[in-house]
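Here is a walk through the surface and the pockets of one protein model. Please keep the sequence and the structure at hand while reading.

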Amino acid sequence: MADIIGRTVLQLPDVTSTNDVVRDHAERGEPEGFVVSADRQRMGRGRMGRSWVSPAAASVQMSVLLRPRFPASKASGITQMAAVAVAAAIRETVSPHGAISPLLVTLKWPNDVLLNSKKCAGILVESVVQGEVIAYAVLGIGVNVNFSMREFPSLEAVATTLADEIGYQLDREGLQAAIIANLGKYYTLLCSGDSGEIAVFQEWRSQLSTLGQAVRVATSSGIEEGVAMEVERDGALLLMQPGGLLRLDSGDVTVLKKSE
Ligand code: BT5
């Protein structure tokens, strides 16, 4: 099953969003593992309708069709699995022989991959649920590769690119192939039963830079502050506040003060 992801890879020059192309194929019955990748994305999106920016031919922007046959309550496992796979692929591509690199690759709750503490990749999972079960999920992945965040001054303080951090241009195709291979590995693990799900969750949790930090979380219902204490298996973040523990399903985290 490990090579299920990327059995078919459609490489397109120009799309609105790779997630839209995959969704259209999903609705027509395409089997899982189908991948769409694009050089240029005119209306790339993040969560809650936000935009995902990328100059042409300088990023990896790809979407994968998944039909995991598990309950909607486990959808966050897909985001976690993808974050772990993207982080592993970045490490392998930047340091193919396992050489120690000064590049710090970590994960941020709930859906980011960070390089040296700045966002370098984002994950967007759009699921279609029938009854209690996921009919299909479109897993979208955007990785900033061969451009400089100086092109996007409003993001520069919080976002980065591989080229900015390593100082040279990376083979985008090689990175994409490594992402597909790692998605195959970790998706197989995720679908292998309870112990596989726990293994993916533990891998994701162990790489989270968010835990133990004093944070501000912007949620759809307001701003919350506290210490990020723990994540639960369904992906929720537990925030310690003076009044007790607050459980958050989603949001945007800013670290208030780095703990040593
Ligand atoms: C995400 O959303 O991080 C998910 C991004 C998923 C993009 C991929 S590309 C392939 C596929 N097709 C799509 O249309 N989307 C997926 P979120 O956590 O909501 O973050 C969005 C926010 O990140 C924006 O509001 C900006 O503040 C910031 N942002 C936008 N572009 C960025 C970039 N290239 N790098 C880092 N941050 C960015």
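M240 sits in strand 10, which covers residues 237-241. The model is a predicted one. With a relative accessibility of 36%, M240 is classed as partly exposed, because that class lies between under 20% for buried and over 50% for exposed. M240 also takes part in a nonpolar surface patch, together with V227, M229 and L245. The patch has an area of about 330 Å².

From the patch we turn to the pockets. The largest pocket holds about 1000 Å³ of space, and 48 residues line it. Nearest its centre are W52, K108, D112, K119 and D252. Which strand gives the most to this lining? Strand 6 does, with five residues. Other elements that supply at least two residues each include helix 1 (18-27), strand 3 (59-66) and strand 7 (133-144). Strand 4 (105-108), strand 5 (112-115) and strand 12 (252-257) are also among the elements that supply at least two. Sorted by class, the lining of the largest pocket has 21 polar, 18 nonpolar and nine charged residues.

The second largest pocket has a volume of about 390 Å³. Its lining is made by 21 residues, and S76, T79, P110, D249 and S250 lie nearest the centre.

Conventions. Residues numbered from 1 in each chain as written. Predicted model: local features only at pLDDT ≥ 70, side-chain atom pairs only at ≥ 80, totals over all residues. Heavy atoms only, no water. Patch = residues over 30% accessible without salt bridge, like charges linked within 9 Å, V, L, I, M, F, W, Y side chains within 5 Å. Areas by Shrake-Rupley, 256 points an atom, 1.4 Å probe, with all protein chains shown as cover. Salt bridge = Lys/Arg side-chain N within 4 Å of Asp/Glu carboxyl O. Helix = DSSP H or I, 4+ residues; strand = E, 2+ residues; numbered from the N terminus. Buried < 20%, exposed > 50% of the residue type's maximum accessible area, 1.4 Å probe, protein only. 1 Å grid on protein atoms, 1.4 Å probe; cavity = no way out; pocket = protein on both sides within 12 Å on 5 of 7 lines; lining within 4 Å. Points joined across faces, edges and corners; volume = space filled by probe spheres on them. Nonpolar A, V, L, I, M, F, W, Y, C, P; charged D, E, K, R; others polar.
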